[in-house]
Amino acid sequence: MSRLVVVSNRTADPRNTAAGGLAVAVRESLQQTGGLWFGWSGKVAEEGSEDRGAARTNEPHLQTVGNVTLATLDLSQEDHETYYLGYANAVLWPVFHYRLDLANFDARFAAGYRRVNQLFARKLLPLLRPNDTIWVHDYHLIPLAAELRAMGCRNRIGFFLHIPMPPPLIMAAIPEHGWLTRCLFAYDLVGFQSEADVMHFSHHVESEAWAQTLSRDCIRAFDRTLRIGAYPIGIDVDDFIRLAEADEAREMFSRIRDEYSRRRLLLGVDRLDYSKGLPQRVHAFRELLERYPETRNLATLIQIAAPSREDVDAYGELRRHMDSLCGAINGDHGELDWMPVRYIHRNIARRRLPGLYRASHVALITPLRDGMNLVAKEFIAAQDPADPGMLVLSRFAGAAEQLKEALLVNPYDTHGTAQAIHHALTMPLDERINRHKALLDRIRKFDVLWWSSSFLRALHEVERDDVEVASDALCPSYQ
Ligand code: ADQ
């Protein structure tokens, strides 16, 4: 049997249950099979302590936790600035979320991005065995397979994009888009969160690289046949339900239900990120209070916003904007005994989240663009099936393709979103039960194990007659 090697920008201790998103999903799949997890340690080598490129000569730090070996590298200051803060967070993240206005196409960033991908390839290669299956995660590491192939690696390599794939004309704004696309053809399988992402990718390579679509899941360009597909990421539903029934979640549930016994609770849980549509959500909530006077002194929005990427400028601005919006709504509409918005700029412990979800009557998950959004699935799993809360979900979250029984909204449409929130607050019990049942069945069927096993099965099934392709074709220069 082949060993699984996972590569992602950050790794996480598989025993740690506090992490979210990608880390939880990867942990679940690695724990099933055992294997190696390779990535950045999260540490930046101090400038001046040794030479600036110290991290580049460092060997990976190895740590064994159960059946998983973690291998992590430090980054130099310059690599951290150009690869991580620069290309990953100030080019790929905004553009892939359709925010060209926030992108900074500094040429140094692309060079740092390539340098770190080369570093990862160089340090990973000696740890690989011929039979290993390599699974690379997310936008930080698009060129990794091309770099590995150029160094002679012939293993099966799959790539999964956790964030959305933008439409062709938005992708085309990235000066190095041709290089990025070509690099993706060094993989054997590229997986996306949704069918819309697969379509955007196919259209992009058809128009930019004269690619030929051979079938629904096979596309040919650069003398390579690439398998592509939608593998929507899921959660471990039973594990989350267990978490919801544990003491800490129950205690959280009772505390919140007591505290807000006379109110109807609306909940948002997000990283504080401009893709999550937080200001638009607060505007929609204000509109709800203004158009539906019966909701005043009744509806309360709890918005938990976990601090995120605080050293990137756009995030500081968002923080100030949210502080002032929430302050204004409380000032304009609040009463001595009612604060319309509780805005909490903090992470909350994962063990307590299910209690908060269950105590809420409505979840507001209204990103402007999101690869999937796992909070939507966690909210469904945490509900009491006999009296479930209702999910108001942005049609621009990848999750909307699967969760049709939620109330789907356009977060840019303040009035329409306020109407949907009102609908959710007044929905009869039998309709809530029916919708919740359909949603729960679907997230159970397409859970995190389905995600990893269907991706890995497809990766093992790829027929590979052309892996010998010239390495310079797969590892082109981006200039
Ligand atoms: P994220 O953008 O981080 O992930 P998401 O899918 O919502 O978004 O996952 C966030 C995780 O962190 C969830 O497990 C949630 O419980 C937790 N979390 C969020 N805010 C929190 C808070 N304030 N306190 C505690 N925990 C919090 C990226 C993509 C998504 C994609 C995932 C997985 O942007 O679209 O769904 O990867 O592929």
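Q: Which residue stands opposite Thr 133 in S5?
A: Leu 4 does. Strand S1 (residues 4–10) and S5 run parallel, joined by four bridges. Two strands pair if DSSP finds at least two bridges between them. Strands (E, at least two residues) and helices (H or I, at least four) are DSSP runs, numbered from the N terminus.

Q: What are the ground rules for the model and the numbering?
A: The model is predicted, so local features need pLDDT of at least 70 and side-chain atom pairs count only at pLDDT 80 or more, while totals for chains, interfaces and linings use all residues. Residues are numbered from 1 along each chain as its sequence is written, and side-chain values use heavy atoms, with hydrogens and water left out.

Q: How many bridges are there between S5 and S6?
A: Five, in the parallel sense, with S6 covering residues 156–160. Val 136 is opposite Phe 159 in S6. From S5 the chain passes through helix H5 (residues 144–150) to S6 in a right-handed β-α-β crossover. Right-handed means that, with the strands pointing away from the viewer, the path from the first strand over the helix to the second runs clockwise.

Q: Why is S5 (residues 133–137) described as largely enclosed?
A: Because five of its five residues are buried. Buried means under 20% relative accessible area (1.4 Å probe, protein chains only), exposed over 50%, and partly exposed in between.

Q: Which residues sit on which side of S5?
A: Thr 133, Trp 135 and His 137 are on one side, Ile 134 and Val 136 on the other, and both faces are covered. In a regular strand the side chains alternate between the two faces of the sheet.

Q: Changing topic, how long is H15?
A: H15 (residues 414–426) has 13 residues and spans 19 Å from first to last C-alpha, close to the expected 18 Å. The expected span is 1.5 Å times one less than the number of residues.

Q: What do its buried residues pack against?
A: The buried residues of H15 include Ile 421, His 422 and Leu 425. The partners of the buried set are strands S11, S14, S15 and S16 and helix H11, with contact meaning heavy atoms within 4.5 Å.

Q: Where is Asn 373?
A: Asn 373 lies in the loop between S14 and helix H14 (374–382). Its phi is positive, about 95 degrees, although it is not a glycine. Most residues other than glycine have a negative phi.

Q: Is Asn 373 buried or exposed?
A: Buried, at 7% relative accessibility.
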